[in-house]
Amino acid sequence: MTNASSVLQEVALQGGRELPLRVLSVLGGATRRALEGIGELARFTVRTAESVRDIRTWGPSATLQMRRLGVGSLPIGVFIALFTGIVLSLLASYSFTGAVPLYFVGTLVEKTITLELAPVLTGLALAGRVGANIAAELGTMRVTEQIDALETLGYDPHAYLVVPRVLAGIVMFPVVVGAAMVMGVASGWVASIGLLDISSAEFVKGMRLFFSAFDVRYGLVKASSFGFMVTLIGSVRGLRAGGGAEGVGRAATDAVVYSAVMILVLDAFWAIIWLLGSQR
Amino acid sequence: MKRTNDYFVGVVVLLVILTLTGATLWVKQTDIGERRSKVVARFRDVGNARVGNAVVIRGVRAGTIEAIELARGGWVHVRMTLDRSMQLPGTPVVLLNESSLFGEWQATITQRSALPHDETVQAQIAESSGGDDVLPGATLPDIAKLTAVAGQIAGDVANVAGRVEVAFDERAARELRSSIRNFADLSTTLSHTVSAHAGDLDTLSRGLQSAVSSLNRTALSAAQIAARVDSSSTTGEIRQIVDDMAHAAAELRRGSAQIRLMSEQLSRTQGRLDSFLTNGDSVLVKLNSGQGSLGLLLNDPSLYRNSDSLLTQLRGLVTEVRTNPKKFVSVRIF
């Protein structure tokens with residue numbers, strides 16, 4: 001917004017014959033910067049992929065990152081799914097009054113939790129926790145020149161810092177999301193029995209009615225892609241941090257924002273590519 | 001520290017994978033260890049049946065549809081898994097039908113004799129019969145088709161209603177209203193009539209009751225008379241009565257002979273009188289028709305007028321003779 005208003009002021013000051021050229025030049029500059037960002041992310045991704053081969057560098061710290069990013073995130077993922085399942089069953093019951101049999105609460109809870117809510121809500125929560133954590137950690141290392149020291153010592157910062165985090169994200173996000181799926185459906189089930197006039201058999205009938213293993217597969221693959229994107233963006237923003245503590249804070253904020261945006265973009269991407277494709 | 005991390009991560013990953021896999025298998029009702037029997041049925045079309053839909057025997061869920069696949073000869077094979085304990089009915093057939101209004105389908109395994117009396121279903125079953133180890137199947141129309149037919153019927157009804165509306169105009173309504181009013185008047189009159197005649201009916205009923213009572217009394221009297229007759233026959237009084245009755249009968253017989261004789265004479269007199277009257281009637285008819293001299297005299301006015309004229313002339317002649325006798329009488333002596 002600030003950039004847009006400054007551009008307009010700049011354009012207004014120019015006036016005269018130079019105005020059209022100036023507008024074109026501003027538009028071109030913005031496009032170039034956007035493409036530069038994409039290009040930088042692509043280069044970063046390629047370099048990370050190349051660094052995967054250096055297993056001796058990233059291997060020892062991989063499980064540590066998995067524990068910190070994955071196991072450490074289990075409580076928050078399960079907690080979110082617990083309340084999501086309860087609210088979802090109540091919302092479904094509220095929406096189905098009269099017209100639709102209540103055993104469809106089971107169908108809705110299972111489908112919604114598995115396909116959408118568990119991956120996306122957990123992904124957004126982990127974008128804040130994991131993305132900000134990575135960006136802040138790597139940013140601090142950057143501004144305190146620890147990364148320069150690693151390079152001086154002959155370590156590849158990508159293999160040492162980025163690969164274990166990205167791999168941890170790819171592997172552990174589905175684990176957290178899987179646990180969230182189980183917890184979300186279970187809490188919706190318990191809530192339906194306890195708070196609604198639905199028997200356990202009815203909920204199970206509805207849950208089994210349209211259940212497909214594809215639902216779980218789809219949710220886990222989506223979660224894995226979210227893990228990849230969140231850790232990658234956190235690493236990029238962290239390694240590019242500069243300007244002391246303020247730069248580290250900005251990097252953490254950017255990592256969370258971009259990760260959240262990319263999670264929603266990827267969600268739509270998978271829906272169009274895979275979900276829509278599976279129906280045809 | 002590194003081993004601890006490995007341990008934690010491994011345990012968590014393993015737990016989540018096991019939990020997720022177990023939950024998926026349970027929800028999907030996967031047949032682990034082949035503990036279920038399999039049944040295949042063939043159809044020409046499976047409608048909206050999907051893998052995972054319920055298989056029902058006599059209304060009880062007995063398994064699920066495991067696979068739906070195209071087969072040779074234009075058939076669709078539906079493979080179903082059933083619980084081991086489930087017994088198939090004799091001569092089993094499979095019907096695919098909607099189980100609710102929300103797009104759920106199910107496969108119902110039933111006996112051939114329990115099929116609905118529908119020509120299409122019977123034809124499908126007959127066509128799909130004969131496959132080796134494959135049950136014959138038929139697909140019932142879904143709610144959309146039924147709704148389409150219902151919509152068509154509704155359209156026809158609307159059409160008929162429109163025509164009725166055209167035919168049933170204001171005049172018809174007035175006439176109907178008038179008919180209803182007349183009917184109301186008629187029913188009122190009928191009600192009054194019934195009320196008025198209710199008393200008569202009561203009276204009649206009372207009279208009938210009285211008559212029945214009289215009949216009862218008469219029967220009682222007859223019984224008493226019969227008893228008396230029975231007792232009289234033993235004292236000789238009946239013999240006297242019978243003799244008196246024989247005497248009276250002889251008297252009656254004589255009287256009746258005289259009456260018969262008199263009636264014969266009277267009959268002959270009546271015949272003569274009839275003949276006389278017939279002759280008189282014939283004469284009168286002839287007189288009226290102007291036949292005979294008397295008839296002509298009675299019926300010809302000219303005779304009357306001539307006679308009258310003759311009398312007038314005769315009266316004038318007599319008068320003139322009296323007045324002038326010499327004119328008509330001439331006495332000459334030589």
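## Salt bridges

Between chain A and chain B, the count of salt bridges is zero. Over all chains, the count comes to 16 salt bridges. These values come from a predicted model.

One of the salt bridges joins Arg32(A) and Glu36(A), whose closest N and O atoms are 3.0 Å apart. Both residues lie in helix H2 (residues 18-51) of chain A, and because they are four residues apart there, about one helical turn separates them.

## The contact between the chains

Chain A contributes 28 residues to the contact, and chain B contributes 19 residues. Together the two chains bury about 2200 Å², and 74% of this area is on carbon and sulfur atoms. On the chain A side, the residues that lose the most area to chain B are Arg67(A), Arg208(A) and Phe211(A), which together account for 29% of what that side buries.

## Helix H3 against helix H7

Within chain A, helix H3 (residues 55-70) packs on helix H7 (residues 157-195) at an angle of about 40 degrees, and the two axes are 8 Å apart. This angle is why H3(A) is described as oblique to H7(A). The crossing of H3(A) with H7(A) is right-handed.

The residues of H3(A) in this contact include Trp58(A), Met66(A) and Leu69(A), and those of H7(A) include Tyr160(A), Leu167(A) and Val171(A). Sorted by class, the contact of H3(A) with H7(A) holds 13 nonpolar, four polar and two charged residues.

## Helix H4 against helix H7

Helix H4 (residues 74-95) of chain A also meets H7(A): their axes come within 7 Å and cross at roughly 35 degrees. H4(A) passes H7(A) in a right-handed crossing.

From H4(A), the contact includes Leu74(A), Val78(A), Gly85(A) and Leu90(A), while H7(A) supplies residues including Val175(A), Met183(A), Gly188(A) and Leu195(A). Which classes of residue make up the contact of H4(A) with H7(A)? There are 13 nonpolar residues, seven polar and no charged.

## Helix H9 against helix H7

A further partner of H7(A) is helix H9 (residues 213-239) of chain A. The axes of H7(A) and H9(A) come within 8 Å and cross at roughly 145 degrees. H7(A) passes H9(A) in a right-handed crossing. The contact of H7(A) with H9(A) is made up of 15 nonpolar, eight polar and one charged residue.

Conventions. Residues numbered from 1 in each chain as written. Chains lettered and ligands numbered in written order. Predicted model: local features only at pLDDT ≥ 70, side-chain atom pairs only at ≥ 80, totals over all residues. Heavy atoms only, no water. Axes fitted to C-alpha atoms, helices over the stretch in contact; angles between N-to-C directions. Helix = DSSP H or I, 4+ residues; strand = E, 2+ residues; numbered from the N terminus. Parallel < 35°, antiparallel > 145°, perpendicular 65-115°, else oblique. Left-handed = near helix turned anticlockwise from the far one by under 90°. Contact = heavy atoms within 4.5 Å. Nonpolar A, V, L, I, M, F, W, Y, C, P; charged D, E, K, R; others polar. Buried area = accessible area lost by both parts, 1.4 Å probe. Salt bridge = Lys/Arg side-chain N within 4 Å of Asp/Glu carboxyl O.
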